[in-house]
Amino acid sequence: MKILVIGSGGREHALVWKLKQSPRVTKIFCAPGNAGIGTLATNVPISVTDLAGLLKFAQDEKIGLTVVGPDDALAAGIVDLFQKNGLRIFGPTRAAARFESSKIFAKEFMQRHGIPTAASGHFSKSEEAHAFCQKMKYPVVIKADGLALGKGVVIAESSDMAAKTIYRIMEQKQFGEAGSNIVIEEFLRGQECSIHALVDGKNYLLFPGAQDHKQVFDGDRGPNTGGMGTFSPAKILTPEIEGRVHREVMQPFLKGLQAEGITFQGLLFPGLMLTSGGPSVLEFNCRFGDPETQVLLPRLKNDLVDLMEATIDGALDRQSIIWDDRATVCVVMASGGYPGDYQKGLPITGLEQFEESDDVIIFHAGTKLDNGKVVTAGGRVLGVTALGADLRTAQARAYEAVARIHFEGCHYRTDIAQKGLVG
Ligand code: AMP
Ligand code: GLY
């Protein structure tokens with residue numbers, strides 16, 4: 001079977017790496033891909049939102065399964081278009097992807113179906129948003145309703161900051177139309193945990209927990225990024241809390257889908273805050289996490305093609321997932337200046353040392369080939385991922401590898417997985 005993966009980040013490199021292990025796969029294409037993906041698959045220069053271009057490519061190449069990485073392709077309706085043309089594609093339709101593309105839709109759904117989430121209000125008029133903030137305790141969390149490249153959430157420490165944030169999002173249109181409506185919600189305290197589940201519309205299969213590190217600096221300081229590193233398993237997701245995730249999040253989610261006639265097939269990734277009162281959903285993503293995928297797929301023992309096909313066919317009840325007991329840690333090496341402005345095109349050295357390694361995998365994110373050399377091409381450049389018998393071993397191995405890779409201005413957190421070792 002020929003596979004087309006859509007996207008160009010570390011998540012897509014991990015997907016291609018895993019799909020490539022399937023004996024059922026004859027060839028993989030990736031649109032548009034990156035330098036690392038290009039060593040495993042054929043990169044095709046079609047952008048993730050060029051739906052007509054992607055459809056034509058899939059038809060011409062007789063692609064047997066298309067796998068969608070990023071949220072914007074889902075929100076643009078790629079799954080609907082492929083399905084209408086009789087092509088098999090993994091991911092939710094545009095309507096189902098609203099759980100991610102509209103925070104208001106997701107909030108209202110959670111409220112209707114009793115899924116725990118922060119108390120909130122939503123607004124289309126800035127005066128009403130300002131008035132609501134007067135009654136809130138600080139900090140408050142202000143979120144653009146639509147997709148904003150992971151930057152649409154602001155934690156406002158004071159009423160002054162809240163007022164400025166509302167003005168920037170709603171009046172100055174910092175995130176364009178994505179900020180025409182906003183959600184304002186209470187600030188929750190606790191540790192965050194990423195949950196991934198394959199959902200076929202009626203059944204779901206839960207993955208082990210993973211933890212991301214969103215802030216750019218050690219100790220969770222500084223501005224939010226797309227994610228500076230991850231680890232799995234997450235011992236904070238105890239069997240007791242996992243039981244609550246099944247009962248309080250996943251089961252009501254599936255029941256809610258059925259009650260409302262929504263077909264959701266694909267990967268559901270609830271971002272949770274584990275509060276003293278239990279798990280609370282911060283957001284729903286409708287795609288694999290980045291860099292969560294980089295630590296989850298190396299632990300997956302099943303053939304990913306089988307699991308994706310069972311998801312599309314509504315047959316997950318006939319599958320069971322098997323996980324490697326080993327731990328994984330992914331440290332993101334980022335361009336100097338990220339998440340702000342950064343330079344591109346800088347040569348990366350040291351990568352070849354890991355080509356044959358069994359326990360270190362270098363997932364590329366923002367890289368490309370320039371005259372046959374790998375150079376930086378984005379903010380998050382590499383996801384240096386290691387497996388180990390336990391978390392401490394995986395962490396040490398990941399940082400040993402990081403120390404042997406170099407590009408000018410590179411920065412990374414030195415405390416990835418530390419929160420999984422304490423307590
Ligand atoms: P979201 O895109 O909604 O997950 O928000 C991005 C990040 O903002 C989350 O990963 C949290 O770190 C933080 N965040 C979002 N909502 C809340 C909340 N209600 N309380 C505390 N932190 C939050
Ligand atoms: N790592 C967080 C995300 O993929 O949204």
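How far from an oxygen atom of ligand 1 does a polar side-chain atom of Lys-214 lie? The distance is 2.9 Å, and the points below set this contact in its surroundings.

1. This is a predicted model, in which local features need pLDDT of at least 70 and side-chain atom pairs count only at pLDDT 80 or more, while totals for chains, interfaces and linings use all residues. Residues are numbered from 1 along each chain as its sequence is written, chains are lettered from A and ligands numbered from 1 in the order in which they are written, and side-chain values use heavy atoms, with hydrogens and water left out.

2. Around ligand 1 there are 16 residues, of which the closest are Glu-185, Leu-188, Glu-192, Lys-214 and Glu-283; a residue is near a molecule if one of its heavy atoms lies within 4 Å of it. This shell divides into 8 nonpolar, 1 polar and 7 charged residues, and at least two of its residues come from each of strands S7 (140–144), S8 (153–156), S9 (182–186) and S18 (278–285). Strands here are DSSP runs of E with at least two residues, and helices are runs of H or I with at least four, numbered from the N terminus.

3. Helix H1 (residues 10–19) is mostly covered, since 9 of its 10 residues are buried, where buried means under 20% relative accessible area (1.4 Å probe, protein chains only). Those buried residues, among them His-13, Leu-15 and Lys-18, pack against several elements, including strand S1 (2–7), strand S4 and helix H11 (304–312).

4. Thr-66 lies in strand S4 (residues 65–68) and counts as buried because its relative accessibility is 1%. Leaving aside residues up to four places away in sequence, Thr-66 touches Leu-4, Ile-6, Phe-82, Arg-88, Ile-89 and Phe-90, a contact being heavy atoms within 4.5 Å.

5. The structure holds 0 disulfides, a disulfide being a pair of cysteine sulfur atoms within 2.5 Å. For Cys-193, the nearest cysteine sulfur is that of Cys-330, 16 Å away. The sulfur of Cys-330 is itself 13 Å from the closest cysteine sulfur, in Cys-410, which is too far for a bond. Cys-193 is buried, with a relative accessible area of 3%, and Cys-330 counts as buried at 0%.

Methods
Buried means under 20% relative accessible area, exposed over 50%, partly exposed in between (1.4 Å probe, protein chains only). A polar contact is a pair of N or O atoms within 3.5 Å; within protein, one must be able to donate a hydrogen and the other to accept it, and residues adjacent in sequence count only if both atoms are side-chain atoms. Ala, Val, Leu, Ile, Met, Phe, Trp, Tyr, Cys and Pro count as nonpolar, Asp, Glu, Lys and Arg as charged, and the others, Gly among them, as polar.
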